[in-house]
Amino acid sequence: MKDTAVERMFLAKSLFRQGVASCSKEQDHFEFSKGILSLQDAVELGLGAVATKVEAQLKVKTSFAEYFNVINKKMASEPALPYERELFQLNEARVKIKHFGILQRPEDHQTAVGAVEPFLNYITTKYFGVKFENISLADAIMKDDVRNLIKKAEEHLFLKKMKECVETLAHAKFKLIGFRFMKGPLVRALMGNTEDESLDWEKFDFGQHAVWLLEQGID
């Protein structure tokens, strides 16, 4: 994924989470209505990312319905985008809230709200080759080794292995910042006076050199 697509879909993911949390409070019509706004914004961000991906021509001001029209027209040889009817209902609810101040009730929008997650997962899987739940800003990191470390840290976080998560993040930071200080005689001293002036990441002993790392501000 290109950086712009990663950022847009990650923002969509963040808005989706907010929307789900708000819509779960079914007794609070203010909170539920706020959730509708967040979910619709998430869908529109996803549609915009797809339109850019397939190079569909968008107007400066594109209506919600036009996103579906231009994408389906551009991809005419493939099945049309799914959940169009349900998501139109979601957009209609957004218009009532945003433009007319009419709060919405959960019992009227269960189908529309339920369509958001499968739709977002469909477009990210089909057009960007990744599941929606796995979208991460880490995908925008250019350096393979650093990106892999950040993704590993995310896995630790998901499993609530906080110590391992923090350690892995520290390694990633060191890969980005610490190496620039470690050249020539210093590397040879740290690695046991080897002739090679480059640092072997796999052999570096963090525990042994903890004081030096702290002195460099890499804590």
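User: What pattern of elements does the chain follow when read along the sequence?

Analyst: This is a predicted model, and the chain in it has 9 helices and 0 strands. Written out, the chain follows α-α-α-α-α-α-α-α-α.

User: What share of the contacts in the chain with a separation of 6 or more comes from residues 24 or more positions apart?

Analyst: For context, the chain has 219 residues, of which 38% count as buried, and it exposes about 13400 Å², with carbon and sulfur atoms supplying 53% of that area. Among the contacts with a separation of 6 or more, residues 24 or more positions apart account for 55%.

User: Which element gives the largest share of the lining of the largest pocket?

Analyst: The largest pocket has a volume of about 610 Å³, and 18 residues line it, the closest to its centre being Lys13, Arg17, Glu133, Asn134 and Phe158. At least two lining residues come from each of α1 (3-23), α5 (110-128) and α6 (144-158). The largest share, 5 residues, is supplied by α6.

User: How many residues of the lining of the largest pocket are charged?

Analyst: Dividing the lining of the largest pocket by class gives 8 nonpolar and 3 polar residues. The remaining class is the charged one, and the number of charged residues in this lining is 7.

User: Which elements give two or more residues to the lining of the second largest pocket?

Analyst: The second largest pocket has a volume of about 190 Å³. Its lining consists of 10 residues, and Lys2, Ala5, Thr52, Lys53 and Phe128 lie nearest its centre. The elements that contribute two or more residues to this lining are α1 and α2 (29-54).

User: How many residues in the lining of the second largest pocket are charged?

Analyst: By class, this lining has 4 nonpolar and 2 polar residues. Charged residues make up the other class in the lining of the second largest pocket, and their number is 4.

User: Is Glu55 buried or exposed?

Analyst: Glu55 sits in the loop between α2 and α3 (64-74), and its phi is near 60°, a positive value in a residue other than glycine. Most residues other than glycine have a negative phi. Because its relative accessible area is 58%, and the cut-off for this class is over 50%, Glu55 is classed as exposed.

User: What is the relative accessibility of Tyr83?

Analyst: Tyr83 is found in the loop between α3 and α4 (84-100), and although it is not a glycine, it has a positive phi of about 65°. Tyr83 counts as partly exposed, because its relative accessibility is 32%.

User: What distance separates the C-alpha atoms of Asn148 and Ala172?

Analyst: Asn148 has its place in helix α6 and is partly exposed, with a relative accessible area of 48%. Asn148 and Ala172 are 24 residues apart along the chain, and their C-alpha atoms are separated by 8.8 Å.

User: How many disulfides does the structure hold?

Analyst: A disulfide is a covalent bond between the sulfur atoms of two cysteines. Cys23 counts as buried because its relative accessibility is 7%, and Cys165 is likewise buried, with a relative accessible area of 8%. The number of disulfides that the structure holds is 0.

How values were computed: Residues are numbered from 1 along each chain as its sequence is written. This is a predicted model: local features need pLDDT of at least 70, side-chain atom pairs count only at pLDDT 80 or more; totals for chains, interfaces and linings use all residues. Side-chain values use heavy atoms; hydrogens and water are left out. A disulfide is a pair of cysteine sulfur atoms within 2.5 Å. Buried means under 20% relative accessible area, exposed over 50%, partly exposed in between (1.4 Å probe, protein chains only). On a 1 Å grid over the protein atoms alone, a cavity is a set of points where a 1.4 Å probe fits but cannot get out, and a pocket is an open set with protein on both sides within 12 Å along at least five of seven lines; lining residues have an atom within 4 Å of a point. Grid points are joined across faces, edges and corners, and a volume is the space filled by probe spheres set on the points. Helices (H or I, at least four residues) and strands (E, at least two) are DSSP runs, numbered from the N terminus. Ala, Val, Leu, Ile, Met, Phe, Trp, Tyr, Cys and Pro count as nonpolar, Asp, Glu, Lys and Arg as charged, and the others, Gly among them, as polar. Contact means heavy atoms within 4.5 Å. Accessible areas come from the Shrake-Rupley method with a 1.4 Å probe; for residues, only the protein chains shown count as cover.
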